[in-house]
Amino acid sequence: MKINRNSTRLLTGLTLASMLLSACGGGNAAPEAAPTAVATVSPQASEQPEPSPTTAPPVRQLSGLTGLPVQEGSLTRPLAVMINNAPAARPQSGISEADVLYEVLAEGGITRLIGIFQSHTGVVKIGPVRSIRPYLIDLGESYGAVTVHAGGSPAAYAILQRQKKADMDEIGNAGAYFWRDKERKAPHNLYSNTAKLLEGAEKLGYSDSIEVPSYVFTDPDYLPTEGTAAAELKIHYLLQSYTVGYKYDTERRTYARLVNGKAHLDLNNNNPVEAANIMVIGADHKVLDDAGRLQIDVELGGEALLFQRGTVISGKWARKPDDMIRFVKTDGTEALMYPGITHVLIVPNSPSFASHVEYTASATPE
């Protein structure tokens, strides 16, 4: 099954050990059976115990999206889940286990999250799940993913139906693979999990033989040699209730995410939502109608910042057809990513890209 084009690299080879019996003094002889206490008429030679089979270590490979080891053959077709980010939907479930997490504007100044799930196939709860827009379809498809959503804009539905996209819609073709949580009010209470979604994708006939792009990773112990110190950053969208922050943790070597100044935690496990790599990219936004629906260009490229290991570098983001967004340094080469989760935050180019991002060399004390 062809899942990941570049990520099927073996971490370790198989090591087989065999126990040798030797009459010489060079090896360890197998222990002899204890002599029997009952005399026999025809003494028989004592039996040597059979060597215990050595269990070979499991074959491992690297995820092309995180650069982290996974069990051989465990990488499925990715799932791109549209996740509600309204204040009433927080804290969300499952977002700490997404390989890649996007945040992008929707209408009315709110933002939406897109979780790309591949290497974690046992996520017990993901959501709340929300509706789709054309540019959200585009972003999910850039990973070869099955798009997971509940409803969508008329333009998004036109794309899904006309182009026969691989999608799972709770109010359309895939309602059986979602559930409503009674502890929350609609529309902030729709959930699924990786097991149900993968089952549904198979039942709907969506192929697993998909080309999935890979990031290029560096050694986790390699220290950045370029850029400037950036231990803390803030992203300003359009509404005060969507102020996003990140603080670098030197011990974990990740940036912990904050929303409105408070730690963003995963409701499933109370784990912090964190990233080893953060791309902040600028894109052209255009309001399409009275409902405030947007057109966002996620193909053209533009200004970008990359935060890693407490530093930031300036560059550009670029995207080739059928590929995901990548960070390009000023020398024209693709930036290496650190093994771990990547967050991509898409902000408007107006009034300027820089007006949406600020960062400092040291983090503010708690």
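Tyr359 counts as partly exposed in this predicted model, at 35% relative accessibility. Its ring partner is Phe307, and the pair is edge-to-face. The ring centres lie 5.6 Å apart, with 75° between the planes. Phe307 belongs to strand E19, whereas Tyr359 belongs to strand E23 (residues 357–360). The two residues are 52 apart, and the pair thus links distant parts of the chain.

The whole structure contains 5 aromatic pairs. One of them joins Tyr248 and Tyr255. Their ring centres are 5.1 Å apart. Their planes meet at 50°, so this pair is tilted. Both tyrosines are buried: Tyr248 has 16% relative accessibility, and Tyr255 has 0%. Ring pairs draw Tyr248, Tyr255, Phe307 and Tyr359 into a cluster.

Charged groups also sit over rings. The charged end of Arg309 lies over the ring of Tyr338, at 3.9 Å from its centre.

Strand E12 (residues 243–249) pairs with strands on the two sides described here. With strand E11 (residues 232–236), E12 pairs in the antiparallel sense over 5 bridges. These two strands form a hairpin, with 6 residues between them. Within this pairing, His236 stands opposite Thr243 of E12. With strand E13 (residues 254–259), E12 again pairs in the antiparallel sense, here over 6 bridges. Tyr246 has Arg257 in E13 as its bridge partner. E12 and E13 likewise form a hairpin, with 4 residues between them. Arg253 in that turn has a positive phi of about 60°. E12 is mostly covered, with 6 of its 7 residues buried.

The largest nonpolar core holds 62 residues. Those with the most contacts inside this core are Tyr102, Ile235, Ile278, Val280, Phe307 and Ile346. Strand E16 (residues 277–283) gives the core its largest share, 5 residues. A second, separate core has 23 residues, including Ala150, Met168, Leu190 and Ala201. In soluble globular proteins, nonpolar side chains tend to be buried together.

Beyond its neighbours within four places in sequence, Ile235 touches Tyr242, Thr243, Val244, Val280, Leu345, Val347, His356 and Val357. Among these contacts, Val280 is also listed with the most contacts inside the largest core.

Glu303 lies in strand E19 (residues 302–308). Glu303 is partly exposed, with a relative accessible area of 42%. Apart from neighbours within four places in sequence, its contacts are Val280, Ile281, Gly282, Gly315, Lys316, Trp317 and Phe353. Gly282 is 21 residues from Glu303 along the chain, yet their C-alpha atoms are separated by 5.5 Å.

Asp323 is found in the loop between strand E20 (311–318) and strand E21 (326–329). Despite this loop position, Asp323 counts as buried, at 10% relative accessibility. Setting aside neighbours within four places in sequence, Asp323 is in contact with Ser142 and Pro213.

Over the protein chain, the secondary structure comes to 3 helices and 23 strands. Buried residues account for 49% of its 366 residues. Of the contacts between residues at least 6 apart in sequence, 65% join residues at least 24 apart. The chain exposes about 18300 Å², and carbon and sulfur atoms supply 54% of this area.

Note on methods:
Residues numbered from 1 in each chain as written. Predicted model: local features only at pLDDT ≥ 70, side-chain atom pairs only at ≥ 80, totals over all residues. Heavy atoms only, no water. Buried < 20%, exposed > 50% of the residue type's maximum accessible area, 1.4 Å probe, protein only. Contact = heavy atoms within 4.5 Å. Areas by Shrake-Rupley, 256 points an atom, 1.4 Å probe, with all protein chains shown as cover. Core = buried A, V, L, I, M, F, W, Y, C linked by side-chain atoms within 4.5 Å. Pairing = 2+ DSSP bridges. Phe/Tyr/Trp six-rings, centres within 6.5 Å; stacked < 30°, edge-to-face > 60°. Lys NZ or Arg CZ within 6 Å of the ring centre and 35° of its normal.
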